[in-house]
Amino acid sequence: LGREQEARELLHKKLQEESPLPVIRCLGRAVLAALEGRREDAVHESDAFLCGCRDPESLYYFARQFAFLGYETRALELLAEAGKKGYICFPAAARDPWMDPLRSNSEFADLLRAAEARHREATDAFLSAGGRDVLGVRST
């Protein structure tokens with residue numbers, strides 16, 4: 001959203017509080033380090049979080065962080081893994097400024113095309129199954 005200063009302030013505040021989930025603190029430290037330009041700290045915290053991580057959405061978010069930090073190869077590896085596990089949020093990836101360093105990369109373009117195709121398939125399946133009716137959404 002372009003609100004990096006607000007994010008830094010909030011992360012500083014929240015990291016002072018005691019969190020019951022060490023993994024959340026690790027994630028917060030990784031994002032804060034990235035926002036503050038402390039690349040090595042961000043990589044260290046990210047790798048600590050990713051060790052044993054099986055959650056594809058987390059893989060996606062760390063891919064965007066690695067892209068933001070300029071680690072293109074690592075970002076693409078994580079994006080590919082997230083995709084294999086069934087997650088790449090096409091609308092977000094297509095417009096996320098943190099993904100901008102990857103935009104000229106053909107591997108990123110391929111991953112984005114595959115995500116777009118899966119997104120279209122999921123949308124079609126949702127609509128075909130009457131998903132709008134289930135949610136109470138009316139077509140205009």
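In helix α2, the residues Val23, Cys26, Leu27, Arg29, Ala30, Ala33 and Ala34 meet Asp41, Ala42, Glu45, Ser46, Ala48 and Phe49 of helix α3. Contact here means heavy atoms within 4.5 Å. By class, this contact has nine nonpolar, one polar and three charged residues. Ala, Val, Leu, Ile, Met, Phe, Trp, Tyr, Cys and Pro count as nonpolar, Asp, Glu, Lys and Arg as charged, and the others, Gly among them, as polar.

The structure is a predicted model, in which local features need pLDDT of at least 70 and side-chain atom pairs count only at pLDDT 80 or more, while totals for chains, interfaces and linings use all residues. Residues are numbered from 1 along each chain as its sequence is written, and side-chain values use heavy atoms, with hydrogens and water left out.

**The whole chain**

The protein chain has eight helices and zero strands, in the order α-α-α-α-α-α-α-α along the sequence. Helices (H or I, at least four residues) and strands (E, at least two) are DSSP runs, numbered from the N terminus. The C-alpha trace spans about 45 × 35 × 30 Å along its principal axes. Of the 140 residues, 35% count as buried. Buried means under 20% relative accessible area, exposed over 50%, and partly exposed in between (1.4 Å probe, protein chains only). Among contacts with a separation of 6 or more, 51% are between residues 24 or more positions apart.

**Two helix pairs**

Two packed helices are described by the angle between their axes and the distance between the axes. Axes are lines fitted to C-alpha atoms, for helices over the stretch in contact, and angles run from 0 to 180 degrees between N-to-C directions.

| Pair | Axes come within | Crossing angle |
|---|---|---|
| α2 (residues 22–35) and α3 (residues 39–50) | 8 Å | roughly 155° |
| α5 and α7 | 10 Å | roughly 20° |

The angle between α2 and α3 makes α2 roughly antiparallel to α3, whereas α5 and α7 are roughly parallel to each other. Angles under 35 degrees count as roughly parallel, over 145 as roughly antiparallel, 65 to 115 as roughly perpendicular and the rest as oblique. The crossing of α2 and α3 is left-handed, and α5 and α7 also cross in a left-handed way. A crossing is left-handed if the near helix is turned anticlockwise from the far one by less than a right angle, and right-handed if clockwise.

Between α5 and α7, Leu76, Leu79, Ala80 and Gly83 of α5 meet Glu107, Phe108, Leu111 and Arg118 of α7. The residues of this contact divide into five nonpolar, one polar and two charged.

**Helix α7**

Helix α7 (residues 106–128) has 23 residues and reaches 33 Å from its first C-alpha to its last, close to the expected 33 Å. The expected span is 1.5 Å times one less than the number of residues. Phe108, Leu111, Leu112 and Ala115 of α7 are buried, and the buried residues of α7 pack against α5 (72–84) and α6 (90–95).

**Two single residues**

Ser58 lies in helix α4 (residues 56–69). Ser58 counts as buried because its relative accessibility is 16%. Beyond its neighbours within four places in sequence, Ser58 is in contact with Phe49 and Cys53.

Arg39 is in helix α3 and, at 33% relative accessibility, counts as partly exposed. Not counting residues up to four places away in sequence, Arg39 touches Leu69, Gly70 and Tyr71. Arg39 and Ser128 are 89 residues apart in sequence and 46 Å apart in space, C-alpha to C-alpha.
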